[in-house]
Amino acid sequence: MIEIAASTAVVYQRIVIDIAMYFGLFVIVSMALNFQYGNAGVPNMGCAVSASIGGYTVSALITRIIYWVGTNANIGMKPYATDYDWNYNNQFNTYLMNDYIAEHAMFGMSMFILSIALGFVMGWFMGYIISLPAIRLRATYLIITLITMADAAQILGRNVVWISGGTLGMWVPNVLSWYPGDRTIITAVATMLIGIICYFILRTMLNSPYGRLMRGVRENDLTVQSVGKDVVAIRRNVLMFASGITAVVGVLIAYYYSYVIQSNFIRATWTYWPWLMLMIGGAGNNAGTFIGCALIIAMRRVIIVYKWALESFVWYPIVIFEQQLLATLLLVVMVFRPDGLIPEKLLRIPGIDYRRLVHEETEVDWRVDRIDPSKRGGILSRIRGGGKKEEAE
Amino acid sequence: MDWDPILFWVMIILWVITPAFIFYEEIMERRALRKEREEVVAQD
Amino acid sequence: MSFIPVIWMSAIVYASMITILSIGFTLTHMTAKIPNFAHGTYAGFGVYVSFMCVRYFEMSPYYGFPAAFLFGGLMGIFLYRIVVSTLRRMGGGAIVLTISTIAIQIFMAQFQHIFAYLTRETYGLMSYGFLLKKNDFTFEFLGQSFQGIFPISLFLVIGIVISLRWMLTKTKFGIAMKASAEDPELSAVLGINIEKVQVASWFITGGMACLAGAFLPMWFMGSPGAGARLLTSCMAGSLLGGLGNIYGAIIGGFTIGVSEIIFTAQGMKLLGLWVGEYRPLIPMIATIAILLVEPSGVTGWWARWRVGGGYERLMARLGRSKEE
């Protein structure tokens, strides 16, 4: 009995850590997506490629630095110069470096911080690359281009061996191996700390004149441009910054699995699910994103845990059912409740004297076309049965 | 000493603090906005 | 003796498939103003219509073509009625409709997986990767034996183009379709039933895309993801041609289709076998290059040339050389 109790205690812990880790990761991704789409109106369907860049930073750059230190320390590293050796000797080298880092804690810690910083920079750079073709064009062209570039980056990541081992994937040295206990717990704690820091950073950026500028770009970029602001540069900066944050998420998940392979970063998990979290919770405010994230992750974990019961009810494989659920929820949310669970509100910027501003309509209806702002408000009042009523003439 | 249970509870605490903080901020902001809007309306 | 190498036949079959898809994509963009990401999934359904026709009913796959057209058209109408028209009536903008088509694509693609899974479990048919080349007819011409799908696909494309041109310029309904694509409100004032026109355009594009998918497994391998894979090439073809013009879609689709296969083949001969893995990169690079250089595609370039007086200058140069 004690063994069963002990084993369930271990399993209980593992599930909790797993859920907490995924929750932390997807909260960061969803907040970054909310920053782009909910506030600045940049529909980024290429988050998967930003996350994968973080993973590739760890597997291509940081691992090489660690291996170089190990080679200089003469602990018996195997060669890793050619593609074949990179894949074949990877596990042995990683094993050696884990022992090395276990003794040199400062080295491990500094590598961790370096990888987060470098991941952010590479994500920033990747955001610049993916914004080059289409940031000037309309939203639909932007969506097409971003999906295309995400696919292209995935093909490159799958086939180029020195990035992340091609189709075989590669193990990554555990930079937190100086920690005497479970590697996953400390990675989960680090993820949640980074999540809180990201929340503060994004909140400060939003509740500031820059946040108001982003809202202005979303609502009516012609006016903003006529006042003299460079709309294209603002949208590009937003995309680059959010791409950097998503890359940090990629770094963290590489350390959680201690393994990087391109199929960890498929488009369905890293683009469509965060979009669903955003839409369900309500685009435009952080609490809504948080709720959407919690609901979706709870739903996915429940599906995984009760897989056998569901499979007898649904006669085809559950992975298909999950994708159908994703699509159905997206459509249902968009048709019935496009504001999400927590609708958007005006930005609260301390220092602005709201009494001197023109009173503006704060009911945001995501469904109305952005090109014609005069249609906003009328449809919403007609559906909800209140507010301004427009008589049909 | 065994750090794992300590970190486990740290993680749980963070998991509770983060949403509490987010919602607290959100409610404070909405309350402040409503107060200012009532000031504006009362002034007209 | 073979005066048409097989790689060119493969390129032309693939290009005709992409052209039919690009024409449908452009037509949807003209009438509904959104890129329809679910276009590739119609083709996926066509693949499985052919599969059912051959493996289950044991007929020649050509009998499945009309069935595929009808099925695709009905699915297009169904999707329009349920999703797009509802969202548009509730005041949806371009981004919301695009995301809804992405959601439809995810949903519909799963039906192909379910169908493949069920067919395999219940009937034991090999539905996850199949090739229907043996069920096609072959004929001899000038000493080389051709597979039947090679001229049939070309005739299909030419037939579709001719019938579309006839419909859009000579029939009242086609002119109504073009008018409602340009200015819906004015057309409604003039008495055109916009809803009927939209339903008809979704029927036609769905049917055409399903037809394109129906002859995919006769040359290339059919699998549950085959339809969605065609979408990138289809979008590249439409973008190259310019999203507002059907003739541009023809040019764009053929260019992208032929160049994808020929460049990959030549690259594999020159640079090594690893080029084969990068074949999906060709339409992606084409898309990015088009958007960087000329976002309106060939149509925009041609319009600028026309408006800038290029036609007059060309006629003058030809006229001058005729006089001399």
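Predicted model: local features only at pLDDT ≥ 70, side-chain atom pairs only at ≥ 80, totals over all residues.

Reader: Which helix gives the most residues to the nonpolar patch?

Author: The patch, of about 690 Å², is made by C:Trp301, C:Trp302, C:Trp305, C:Tyr311, C:Leu314, C:Met315 and C:Leu318. Two elements of chain C give two or more residues to this nonpolar patch, namely helix H12 (297-307) and helix H13 (310-323). With 4 residues, the helix that gives the most is H13(C).

Reader: How much area is buried between chain A and chain C, and what part of it do carbon and sulfur atoms give?

Author: The size of an interface is often given as the accessible area lost when the parts come together. Here 42 residues of chain A are in contact with 40 residues of chain C. The buried area between chain A and chain C is about 3,800 Å², and the part given by carbon and sulfur atoms is 80%.

Reader: How many residue pairs are in polar contact between chain A and chain C?

Author: On the side of chain A that touches chain C, the residues divide by class into 32 nonpolar, 7 polar and 3 charged. Between chain A and chain C the count of salt bridges is 0. For residue pairs in polar contact, with both residues at pLDDT 80 or more, the count is 1.

Reader: Which helix supplies the largest share of the side of chain A that touches chain C?

Author: Helix H6 (139-159), helix H12 (267-281) and helix H15 (318-336) of chain A each supply at least two residues of that side. The largest share, 14 residues, comes from H6(A).

Reader: Which residues of chain B lose the most area to chain A?

Author: Between these chains, 25 residues of chain B are in contact with 35 residues of chain A, and the area buried is about 3,000 Å², of which 73% comes from carbon and sulfur atoms. Together accounting for 20% of what the side of chain B buries, the residues that lose the most are B:Met11, B:Trp15 and B:Ile22.

Reader: Which residue of chain B forms a salt bridge with A:Arg203?

Author: The side of chain B that touches chain A has 15 nonpolar, 2 polar and 8 charged residues, and the count between chain B and chain A is 1 salt bridge. In the salt bridge of A:Arg203 the closest N and O atoms are 2.4 Å apart, and the partner is B:Glu25.

Definitions and conventions: Residues numbered from 1 in each chain as written. Chains lettered and ligands numbered in written order. Heavy atoms only, no water. Contact = heavy atoms within 4.5 Å. Buried area = accessible area lost by both parts, 1.4 Å probe. Salt bridge = Lys/Arg side-chain N within 4 Å of Asp/Glu carboxyl O. Polar contact = N/O pair within 3.5 Å; in protein donor to acceptor, adjacent residues only side chain to side chain. Nonpolar A, V, L, I, M, F, W, Y, C, P; charged D, E, K, R; others polar. Patch = residues over 30% accessible without salt bridge, like charges linked within 9 Å, V, L, I, M, F, W, Y side chains within 5 Å. Areas by Shrake-Rupley, 256 points an atom, 1.4 Å probe, with all protein chains shown as cover.
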